[in-house]
Amino acid sequence: MDLKLEGKCALVTGSSEGIGHAAAAGLAAEGARVALCAGRPDVLERAAEKIRAATGAEAAAIVGDLSRGDDCVRVVADAAEALGGIDILVNTVGQIKLAGIEELTDADWQAEIDRNVMSAVRCARAAWPHLKKSGAGRVVNITGLAGKQVYLPGDMATSLTKASLISFTKTLAHEGAPHGILVNNVCPGPIDTEGMPERIGWIAGRLGVSYEQAMQNREQASLLGRLGRPEEVADVVVFLSSARASFVTGVTIEVGGGAAHYI
Ligand SMILES: NC(=O)c1ccc[n+]([C@@H]2O[C@H](COP(=O)([O-])OP(=O)(O)OC[C@H]3O[C@@H](n4cnc5c(N)ncnc54)[C@H](OP(=O)(O)O)[C@@H]3O)[C@@H](O)[C@H]2O)c1
């Protein structure tokens, strides 16, 4: 299948590690020119270099904290300048913070909303003129199963923010359609990324079970009995970013090995 991504300009946020990095690498492998963004400069530069070496594609590394509004504006502007425009925006920034109602202050809630929701809202707003100019713009937001079903203790901040992002995507798809901009969600289940061991440790502590037991529970949450790989999420992101997804907008595609238990 020719995805027709050759020469397309893609900004992938939160892309020095995990799902974002796999998405940037997947787009570059299909011939897109990519801009990566993350907070730690050394990790980010290594990630961009890895993509350049593997694909020969242009990969710009732009440091920023996308919890901050001013950084969202600057990172999008820098990416557009480095790539010569933006056809594809993949909003990956987000984190799974596990905490109970008594542990989260107002400042904690605001930080969750800024990172998991406003980063995508602000980057989409800043990229909108470029996406309109593209004529075939794409926005892919990385949400999470917690936005659709709740199955972990202390998942409330993730659940609230991911549900908001799913709702934002739906309304943005309406606004994008007249401009040829398609907006979709990719909704991962448990994926084996750098942050997973810390999350499993937290869950084990909260449930009073061993790390091994908590890991086994996570693996068995999926019908396939294992965690997913970042590349398995990235493949769906790449498809939605492509010309071959031309009649797909406003939807949420779960990539969780069947971990979604709703119909
Ligand atoms: N892994 C899973 O099981 C899973 C399941 C459902 C949903 N998700 C969602 O998928 C997305 C990616 O998760 P992941 O597990 O791949 O994450 P990850 O491995 O922890 O990687 C996160 C990436 O985002 C960057 N980042 C974090 N905060 C940032 C900020 N404020 N500004 C700019 N960059 C930032 C990190 O770099 P720096 O630290 O250097 O900034 C890193 O490159 C998240 O939205 C997450 O909620 C993941």
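Domain bounds here come from an automatic or database domain assignment. That assignment gives domain 1 (9-191 + 229-255) and domain 2 (200-227). The model is predicted, so local features need pLDDT of at least 70 and side-chain atom pairs count only at pLDDT 80 or more, while totals for chains, interfaces and linings use all residues. Residues are numbered from 1 along each chain as its sequence is written, and side-chain values use heavy atoms, with hydrogens and water left out.

- Seven strands form an open sheet in the order 3-2-1-4-5-6-7, with parallel pairing.
- Strand 3 (59-63) and strand 7 (252-255) are the edge strands, each pairing on one side only.
- From one strand to the next, the twist averages 20°.
- Strands (E, at least two residues) and helices (H or I, at least four) are DSSP runs numbered from the N terminus, and two strands pair if DSSP finds at least two bridges between them.
- Strand 1 (residues 9-13) pairs with strand 4 (residues 88-91) in the parallel sense over three bridges.
- Ala10 stands opposite Ile88 in strand 4.

**Helices on the sheet**

- Helix 1 (residues 18-29) lies across strand 1, strand 2 (33-38), strand 4 and strand 6 (182-188), and runs at about 170° to strand 1.
- Helix 8 (residues 230-241) lies across strand 4, strand 5 (138-142), strand 6 and strand 7, and runs at about 170° to strand 6.
- Axes are lines fitted to C-alpha atoms, for helices over the stretch in contact (heavy atoms within 4.5 Å), and angles run from 0 to 180 degrees between N-to-C directions.

**Cysteines**

- The structure holds zero disulfides, a disulfide being a pair of cysteine sulfur atoms within 2.5 Å.
- Cys37 is in no disulfide, and the nearest cysteine sulfur, that of Cys123, is 7.2 Å away.
- Cys72 is also in no disulfide; the nearest cysteine sulfur to that of Cys72 belongs to Cys123, 4.0 Å away.
- Cys37 is buried at a relative accessible area of 1%, and Cys72 is buried at 0%, where buried means under 20%, exposed over 50% and partly exposed in between (1.4 Å probe, protein chains only).

- The C-alpha centres of domain 1 and domain 2 lie 26 Å apart.
- Eleven residues from domain 1 and eight residues from domain 2 take part in the contact.
- About 900 Å² is buried between the two domains, with carbon and sulfur atoms giving 62%; this is the accessible area (1.4 Å probe) that two parts lose on being put together, summed over both.
- Leu98, Pro153 and Pro190 lose the most area in domain 1 to domain 2, together 51% of what that side buries.
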